[in-house]
Amino acid sequence: MPRLRIKKSKDTVSIHEGIIASILERNQTVCPTSYFLSLMALLANPERQLVSQLLQLMEQTLPRMNTNTLRFLELKKGTVSSTLFSVLRAFSDDLRASQKALHCLRKLYSAVEITDASVQNLLQFEPSKFNVELMPTYNYVLEVVYVNLHKTNPLLCAARLPYAVERWSQQFLNDTKESVSTAAAKSVKLVLNACLSEEMVKSGHPEESAAVDKVVATLSHCLTSANYKSNWDLVADIFGVVFKRLGRGSLPKLRDVVTQLHTLRQVGDFHFSAASERALGHAIRAVGAEKFFQLISFDPVNLDEAEGFLYKLMRRFVSHDRLSYWVDHFLPAAQKLRQSALEQTSAGNASMAKLYEVAYERLWSTLPGFCRFPSDLSEGSTFVTLAKAMTEQWKAGNSSLRAATCNALLLLAHHNRWLAELPEGGASTAAAMEEDEGPEGTLRADERGDDEDDDAMSMTTRPAAFRELAE
C-alpha cells in the first residue's frame, strides 16, 4: 500500500488515519488522488472543529497531486476552488481556517491555469483591511493569480488588472494599519511589474489601453485625495514602477501624474519628497529629458527657478537619452552661467559670482547621464560640438569640470566599445541590463533612495562586462 508522506501534527493524526481507512473500505488504492478526493468530500460539509485540520492536510497534499488530474478537477469540474471559496465564506470568522484555505488556493493557482471565474471569485472575497493577520495572505494569493494569469492569458489579465488595483487601493486609506498598507504596496508593485508593459500602450488593443487608463486613474486618485494622505509616499513609489514598465509609452497617459508628483514633492514632508523624487526619476528615464522638461519648467540660467533636485534626477536617472538635447539646451545655458559668473566677478560681487559658478558646475555634472547609451551618438556633429566645448574648458584650466567631463568620456567609451563587441541584437540586451533591477532581492541605488550620485562610473556597480573592459 503506497504511503502518503504527510507531515502530521498531533491533531491531524486521527483524521489522516480515518481518511486512509475510508479509502480502504471502498476497496480503492491509497494514492494522492484518492486521498485528495476524500478530503474534498469532507470539506464539502465540514465540521467546525475539523476544518482547519482538513485544510492543513489539503495544503500538504496539493503539491503531490498529478498536475493533469488537478487541472481536470479544476478546469473541467471546477470543484477545487469552489470548495475552498465555500469554506472561506462559511468560516470567515475563523482566522486559522481562512489562512489555510488561502494557502491552498495559492498552491492550486500555482499549478493550474487561471480562469476568469477564479479571478472574480477571489476579488469577491475580501477580508477586512483591519485584519492584519489575514490581509497579507490574501494579497499574496492575488499576486500569484495575476502573475500566472499574465503568462497564460495576457488579455484577460489586462481586463481584470484594474479591479485588483482598485481593491488594493482601499488598503492605502488613512485608517489602514501601516503594515497592511506597506504589504499592499509591495503586492501592487510586483503585479504591475509583471503585467504592465509598453506594448500594452503601443499595441492599439482597446482593452489593454483602457486597462492602463483605469489603473492610472485609480492610483492618481490615491495620490491627490486627502483620504490617502498618510500613504502618498507608497503610491508615488508605485508610479515609479508604472513609469518604468510603460517606458516611452508613459505619455500622454501619465502627463498629469508628473505634475502631481512634482506638487507632492513641494508638500514639505521628507517621506513624500523622497518618494516623489524617485518616481520623477523613473519618469525622466522613461519619457526622456526633452519631454519631461516640457511638463516641468526648468531654466538653469534663472537661479531663482532652477530647482536643485532636478540636477540630481538627471545625474542619477537619465539613460538612453539624446545627447544632442544636452548639447543644444544645456551647453548654451552653461555658457551663459559662466559668462554671468565672470561678469559678477568683474563687478566685485563675489557672492553672486560664486552662485553662478556653482550653477555652472552643477549643469555640467548632468552630462554623464546623457552619455549612458545615448540614442543619437551616430550623429557625429553632436559629439564634435561637445568635444569642442570640453576642449575649451580644459584649455581654460577649469579644474572643477574635470570629474564631470572625464566621467562622460568614460561612459561613452565603455558603453560603446562594449556594444561594438556584442553580437547582432546585443544592443537591446545591453539596454535591458542597464534598465533592469539587479539580482532578485536587491535594489539599485536609485531604488534604495540613497543620496549618493551614481554617475561616478564606479566599477563595482557596473555590469561585469564593463568591469572586464576596465581591467
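## Salt bridges and ring pairs: worked exercises

In this predicted model, Asp213 forms a salt bridge with Lys253, and their closest N and O atoms are 2.7 Å apart.

**Exercise 1.** Work out where in the chain Asp213 and Lys253 lie, and how each residue is classed by accessibility.

*Solution.* Start with the positions: Asp213 belongs to helix H12 (residues 206-224), while Lys253 sits in the loop between helix H13 (232-246) and helix H14 (255-265), so that the pair links distant parts of the chain, 40 residues apart. Next, take the accessibility: Asp213 has a relative accessible area of 37% and is partly exposed, and Lys253, with 23%, is partly exposed.

**Exercise 2.** Decide whether Glu198 is buried or exposed, and do likewise for its salt-bridge partner Lys202.

*Solution.* The closest N and O atoms of Glu198 and Lys202 are 2.5 Å apart, and because the two residues are 4 residues apart in helix H11 (residues 198-202), about one helical turn separates them. Buried means under 20% relative accessible area, so Glu198, at 18%, counts as buried. Exposed means over 50%, so Lys202, at 59%, counts as exposed.

**Exercise 3.** Classify the aromatic pair of Trp326 and Trp364, and explain which parts of the chain the pair ties together.

*Solution.* Trp326 lies in helix H18 (residues 323-346) and Trp364 in helix H19 (residues 350-364), so the pair ties together parts that are 38 residues apart in sequence. Trp326 counts as buried at 0% relative accessibility, and Trp364 counts as buried at 1%.

Technical notes: Residues numbered from 1 in each chain as written. Predicted model: local features only at pLDDT ≥ 70, side-chain atom pairs only at ≥ 80, totals over all residues. Heavy atoms only, no water. Phe/Tyr/Trp six-rings, centres within 6.5 Å; stacked < 30°, edge-to-face > 60°. Buried < 20%, exposed > 50% of the residue type's maximum accessible area, 1.4 Å probe, protein only. Salt bridge = Lys/Arg side-chain N within 4 Å of Asp/Glu carboxyl O.
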